[in-house]
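Reader: I would like to go through this model feature by feature. Please give the general idea each time, then the case at hand.

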Amino acid sequence: MFDLLVTKDGGLTSAGYVSLILMGIILFVLAILVASRHSEKGKLTTRQLVFSAMAMALAFLTSYIKLYNLPWGGSVTLCSMLFIVLIANWYGVSTGVLVGLAYGILQFLQEPYVLSFFQVGCDYFFAFAALGIAGLFAKQNHGLLKGYICAVFARGLFHTIGGYLYWMSYMPDNFPASLKSVYPIVYNYSYLILEAVITIVIISIPAVNRGLKQVKTMALN
């Protein structure tokens with residue numbers, strides 16, 4: 001089955017391209033359905049709008065603090081994803097998806113790279129909107145941690161789809177031949193997981209954890 005999707009040199013067959021495009025569309029539709037199912041009643045309050053705007057501004061600001069840059073896009077930043085995840089944790093999936101989408105548009109305006117509409121969607125709009133699914137875990141024990149981890153993997157999934165569709169030609173010549181078929185997975189999750197580990201360590205510091213709880217109280221009350 002895998003041979004029908006991936007060629008021997010690690011590229012995608014026609015069936016592979018179609019499958020990934022369909023997967024991306026299905027994932028986006030599912031995200032919309034989940035967001036609408038978990039949507040909050042009524043419009044956003046002024047407090048929610050203010051905190052959402054502040055979180056997006058902080059995410060955008062910290063996205064400039066890059067601890068490591070990869071050559072073909074992607075970087076380890078100082079907890080930039082966390083601020084979008086916090087909004088999803090506080091106000092739910094639909095608000096998180098909307099703020100994530102707005103943040104993705106800002107990221108696109110910051111460093112636009114366009115190969116096709118679907119590539120832009122995978123690398124910017126869908127990927128950052130996917131951070132909003134963190135809200136699914138908001139009411140669980142350690143909901144912020146669980147939601148953050150899930151959100152990081154969801155974002156990486158869209159980047160990986162875009163990688164298979166558009167970025168395989170940028171694979172280094174010295175990349176192991178036996179791993180060529182998983183190059184987009186290795187590339188995208190390498191920096192996302194590293195940033196996730198740094199963020200998890202930071203938010204696990206007792207003083208930071210207490211501070212986040214206090215901010216959450218202000219955001220909700």
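This is a predicted model: local features need pLDDT of at least 70, side-chain atom pairs count only at pLDDT 80 or more; totals for chains, interfaces and linings use all residues.

Reader: Why is α6 described as largely enclosed by the rest of the structure?

Author: A residue counts as buried when its relative accessible area is under 20%. In α6, 12 of the 13 residues are buried, so the helix is largely enclosed by the rest of the structure. Among the buried ones are F118, C122, D123, F126 and A129. For the whole protein of 221 residues, 46% count as buried.

Reader: How many aromatic pairs does the structure hold?

Author: Two rings pair if their centres lie within 6.5 Å, and planes over 60 degrees apart make the pair edge-to-face. The structure holds 12 such aromatic pairs. One is F118 with F126: the ring centres are 6.2 Å apart and the planes stand at 70 degrees, so this pair is edge-to-face. F118 and F126 are both buried. Y187 and Y191 form another edge-to-face pair, with 6.5 Å from centre to centre and 80 degrees between the planes.

Reader: What separates Y187 and Y191 along helix α8?

Author: About one helical turn, because Y187 and Y191 are four residues apart in helix α8. Y187 has a relative accessible area of 13% and is buried. Y191 is buried as well, at 3% relative accessibility. Together with F175 and Y183, Y187 and Y191 form one aromatic cluster.

Reader: Which residues make the nonpolar surface patch?

Author: A patch is built from residues with over 30% relative accessible area. Here L145, I149, F153, I193, V197 and V201 make a nonpolar patch of about 480 Å². The elements giving two or more residues to the patch are α7 (143-167) and α8 (183-203). I193 lies in helix α8 and, at 38% relative accessibility, counts as partly exposed.

Reader: How far apart are L220 and Y91, in sequence and in space?

Author: L220 and Y91 are 129 residues apart in sequence, yet their C-alpha atoms are 8.1 Å apart. L220 belongs to helix α9, residues 206-220. Leaving aside neighbours within four places, L220 is in contact with W90 and Y91. L220 is partly exposed, at 42% relative accessibility. Across the protein, residues 24 or more positions apart account for 69% of the contacts with a separation of 6 or more.

Reader: And how many helices and strands are there in the protein?

Author: There are nine helices and two strands. From the N terminus on, the elements run α-α-α-β-β-α-α-α-α-α-α. The accessible surface comes to about 11800 Å², and 70% of that belongs to carbon and sulfur atoms.

How values were computed: Residues are numbered from 1 along each chain as its sequence is written. Side-chain values use heavy atoms; hydrogens and water are left out. Buried means under 20% relative accessible area, exposed over 50%, partly exposed in between (1.4 Å probe, protein chains only). Patches are made of residues with over 30% relative accessible area and no salt bridge: like charges are joined within 9 Å, nonpolar side chains (Val, Leu, Ile, Met, Phe, Trp, Tyr) within 5 Å. Accessible areas come from the Shrake-Rupley method with a 1.4 Å probe; for residues, only the protein chains shown count as cover. A salt bridge is a side-chain nitrogen of Lys or Arg within 4 Å of a carboxyl oxygen of Asp or Glu. Contact means heavy atoms within 4.5 Å. Rings of Phe, Tyr and Trp (its six-membered ring) pair if their centres lie within 6.5 Å; planes under 30 degrees apart count as stacked, over 60 as edge-to-face and the rest as tilted.
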